[in-house]
Amino acid sequence: MLGFSCESSKLKKSVTIRLGEDVVGHFKEMSEGTGVPYQSLINLYLRDCARQHRTIDISWQSNSKAISSQ
């Protein structure tokens, strides 16, 4: 489903995404402080990441390394 948003003046696509409760809670708290809906904040943050061509470094440690470093 595509829709028009005044917020960004761009078409948006409705998707289902699974987010951690802590992540949603963080954006809901930000929403209360800014008055911007939390879903819009998530969208704005992800848009900024895309525009800045940010990438994420996902390095998984093996269990033996994680245990030995504790």
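Helices (H or I, at least four residues) are DSSP runs, as are strands (E, at least two), and both are numbered from the N terminus. The structure is a predicted model, in which local features need pLDDT of at least 70 and side-chain atom pairs count only at pLDDT 80 or more, while totals for chains, interfaces and linings use all residues. Residues are numbered from 1 along each chain as its sequence is written, and side-chain values use heavy atoms, with hydrogens and water left out.

Helix 2 comprises 14 residues (residues 38–51), and its end C-alpha atoms lie 20 Å apart, which agrees with the 20 Å that it should span at 1.5 Å a residue, the expected span being 1.5 Å times one less than the number of residues. After helix 2 comes His 53, whose phi is positive, near 55°.

The residues Ser 40, Leu 41, Ile 42, Arg 47 and Cys 49 of helix 2 are buried, that is, under 20% relative accessible area, where exposed means over 50% and partly exposed in between (1.4 Å probe, protein chains only). These buried residues pack against helix 1 (21–34). The two helices pack at an angle of about 105°, with their axes 8 Å apart; helix 1 is therefore roughly perpendicular to helix 2, a term covering angles of 65 to 115 degrees.

In this contact (heavy atoms within 4.5 Å), residues of helix 1 including Val 24, Phe 27 and Met 30 meet Tyr 38, Leu 41, Ile 42 and Tyr 45 in helix 2. Tyr 45 counts as partly exposed because its relative accessibility is 47%, and its C-alpha lies 10.0 Å from that of Phe 27, 18 residues away in sequence.

Terms used. Axes fitted to C-alpha atoms, helices over the stretch in contact; angles between N-to-C directions. Parallel < 35°, antiparallel > 145°, perpendicular 65-115°, else oblique.
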